[in-house]
Number of protein chains: 2
Amino acid sequence: MTREKTAPDLPVVGDGSGVAPGAEFYPEEVRLALRNRGMPLEALRYDITPVGMHYLLVHFDIPDVIADDWRLEVGGLVSRPLSLSLEELRKRPKVTLPVTMECAGNGRALMAPRPVSQPWHAEAIGTAEWAGTPLRGLLEDAGVKDDAIEILFTGLDRGVQGDVVQWYQRSLTVQEAMRSEVLLSYEMNGRPLEPQHGYPLRLLVPGWYGMTSVKWLAGIEAIAEPFEGYQMTGSYRYSQSLDELGEPVSLINVRALMVPPGIPDFMTRVRLVAAGTATISGRAWAGRLDVSRVDVSTDGGATWSKASLGDPVSPYAWRPWRFEWEAKPGRYTLCVRATDSEGNEQPLEQRWNAHGMGNNVCQRVEVLVE
Amino acid sequence: MTREKTAPDLPVVGDGSGVAPGAEFYPEEVRLALRNRGMPLEALRYDITPVGMHYLLVHFDIPDVIADDWRLEVGGLVSRPLSLSLEELRKRPKVTLPVTMECAGNGRALMAPRPVSQPWHAEAIGTAEWAGTPLRGLLEDAGVKDDAIEILFTGLDRGVQGDVVQWYQRSLTVQEAMRSEVLLSYEMNGRPLEPQHGYPLRLLVPGWYGMTSVKWLAGIEAIAEPFEGYQMTGSYRYSQSLDELGEPVSLINVRALMVPPGIPDFMTRVRLVAAGTATISGRAWAGRLDVSRVDVSTDGGATWSKASLGDPVSPYAWRPWRFEWEAKPGRYTLCVRATDSEGNEQPLEQRWNAHGMGNNVCQRVEVLVE
């Protein structure tokens with residue numbers, strides 16, 4: 001797993017220590033924000049996010065994959081290497097599963113100091129109905145050998161990150177890769193994947209942050225050592241500095257978000273709400289766990305009330321919640337926080353890390369009631 | 001056409017004079033960039049942009065429209081007011097037309113000083129295959145009276161802009177509204193509109209910047225005076241200050257863009273290209289006009305060479321171009337500029353205006369050849 005040659009020296013943005021709260025943004029952060037796309041939070045109203053509103057994070061470029069020329073190669077420490085066309089994959093057993101996916105960097109720009117990268121606030125989420133064939137069956141057909149400890153997934157997107165020229169690659173332990181819900185997905189919301197979501201095939205790992213669900217999947221390789229490529233060791237880590245390795249990022253933390261109520265101001269996104277009974281609603285999710293409680297505050301977190309919960313869309317997808325608020329004229333900060341089935345509650349203050357990973361601080365929405 | 005009540009005082013971002021070149025971005029600009037979405041420029045490879053990659057600018061929130069409850073009301077100075085369901089609109093004559101749409105603010109963030117709003121660089125574009133029924137037939141059925149001079153279009157998106165609480169509204173002269181290519185569109189790329197693109201119905205005005213193609217269309221009204229609402233007089237103007245009215249923004253200016261060649265660096269988006277023959281390709285468009293020429297420079301604009309042109313996708317859509325480049329090791333600034341059939345050429349230096357409208361400065365892409 002040697003790294004490829006180092007890229008020529010490229011400009012460095014920031015000094016790695018982050019940017020003070022409230023400070024302005026680097027042009028490079030803005031250019032990333034214009035390429036990658038969040039889900040406008042009013043789309044929390046849909047059980048299934050329309051394809052064009054699902055969040056999207058693409059490290060390099062969206063590759064130009066011609067499905068007729070494409071094959072999925074399964075190799076490494078397997079007894080029977082496989083090479084499969086899209087048609088062959090479509091003939092295998094098919095599973096359809098609504099899954100809530102979230103970027104590991106969601107909430108990065110709300111951290112203080114702010115780590116410099118894609119400046120997500122809270123919108124790097126979405127729930128799609130993914131369909132494909134279970135990875136496990138394919139690995140069983142290939143016969144993963146006993147000395148394999150990880151499965152390495154290689155996408156067709158290529159570029160430079162951390163001065164390393166690379167294909168986008170991530171690995172899973174054999175045990176995680178063999179879980180029944182892990183799919184090789186070729187459909188999103190009943191249609192072939194759009195190019196930006198990984199056409200013709202992506203890995204789909206429910207419960208994990210999105211970096212694990214490798215898009216434009218071309219290679220699956222059983223390996224004997226932990227994969228130490230850039231996307232495993234140079235990023236997607238909980239660490240206190242960019243030089244420290246820290247713990248790997250894996251499962252999605254518990255989170256609730258609300259549909260911002262009322263109407264927005266174009267530039268500031270401050271909300272205007274009419275006085276009277278206002279329904280505050282949204283969604284909550286917790287990776288592989290259930291959401292056991294959602295609480296709402298209308299006074300900036302001083303006091304909290306329980307929201308009512310609807311049924312989850314699937315075991316790996318968000319569930320709806322709602323709260324009736326008697327809104328009287330004034331200025332308010334609405335907050336929402338969820339608790340998962342193991343008792344983990346969203347923090348009121350963000351926990352900092354150098355890459356801006358896994359931030360699930362409770363959402364705050366400024367509202368003006370008239 | 002009186003304005004609705006003024007909104008309560010909301011914070012103002014910037015002083016209206018713009019921000020110095022190269023300076024950092026306000027948090028409000030970043031939040032807009034995270035909601036609105038550009039087309040990643042590698043998608044210039046497609047004749048028709050996939051729905052989820054088409055640019056999107058939404059002033060307020062994406063409204064929650066239930067098609068069964070929705071009707072299009074046609075009234076004002078007409079002999080026979082109409083009220084039509086989506087089904088009734090779908091039974092009318094259907095036209096399908098590929099159209100290149102561009103946001104009037106595309107390129108705003110490249111202006112110096114930078115006007116403060118959605119910080120588009122060059123990605124606010126897309127070409128979709130729109131289908132719907134011609135507006136003209138509907139207006140003829142309604143019988144627009146002789147004293148009507150404009151047609152006013154009202155969308156279901158509501159919010160505050162310029163301290164004015166408003167539904168999104170734009171008007172066209174009767175003459176423009178009667179042009180044969182103007183559609184009431186209910187399909188994009190062969191499917192019902194996704195919510196963010198105006199479901200169930202949007203106006204589609206080929207050749208005009210996107211602000212004219214009102215989404216979530218609910219009302220059409222023939223009126224006797226020019227409409228002076230915020231989106232006609234408070235924005236979408238070529239002016240030298242926010243207080244000056246200036247000329248209205250209307251048709252799309254000539255522009256060419258290239259697919260950035262090679263592979264990108266994640267953070268800086270600098271491109272690495274292998275030495276040898278590199279094909280530089282992209283698209284060019286000019287609103288209602290044809291593109292007559294595309295020129296490429298590999299030395300930052302000092303010298304130019306003609307690119308070869310392919311056929312337009314439709315009379316209102318972009319055409320492809322390509323250029324073979326013998327790339328030798330070094331650092332380069334690639335540029336592209338188009339000329340339209342009336343001899344208008346993209347400027348090498350941007351022409352400033354206070355709202356950041358209609359910027360069609362030639363694209364510059366930094367490339368490192370190894």
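Helices (H or I, at least four residues) are DSSP runs, numbered from the N terminus. Axes are lines fitted to C-alpha atoms, for helices over the stretch in contact, and angles run from 0 to 180 degrees between N-to-C directions. This is a predicted model, where local features need pLDDT of at least 70. Residues are numbered from 1 along each chain as its sequence is written.

**Exercise 1.** Work out how H1(A) and H1(B) lie relative to each other: roughly parallel or roughly antiparallel?

*Solution.* Start with the axes: H1 of chain A and H1 of chain B, residues 27–35 in each, come within 7 Å and cross at roughly 25 degrees. Angles under 35 degrees count as roughly parallel, so the two helices are roughly parallel to each other. Next, who touches whom? The contact (C-beta atoms, placed from the backbone, within 7 Å) is made by Glu29, Val30, Ala33 and Leu34 of H1 in both chain A and chain B.

**Exercise 2.** Decide which residues of H1(B) are buried (20 or more other C-beta atoms, placed from the backbone, within 10 Å of the residue's own).

*Solution.* Go along the helix: the buried ones are B:Glu29, B:Val30, B:Arg31, B:Leu32, B:Ala33, B:Leu34 and B:Arg35. That's seven of nine, so H1(B) is largely enclosed by the rest of the structure. Part of the cover comes from H1 of chain A.

How values were computed:
Chains are lettered from A and ligands numbered from 1 in the order in which they are written. This is a predicted model: local features need pLDDT of at least 70, side-chain atom pairs count only at pLDDT 80 or more; totals for chains, interfaces and linings use all residues. Angles under 35 degrees count as roughly parallel, over 145 as roughly antiparallel, 65 to 115 as roughly perpendicular and the rest as oblique. Two residues are in contact if their C-beta atoms, placed from the backbone, lie within 7 Å. A residue is buried if 20 or more other C-beta atoms lie within 10 Å of its own, exposed if 12 or fewer, and partly exposed in between; C-beta atoms are placed from the backbone.
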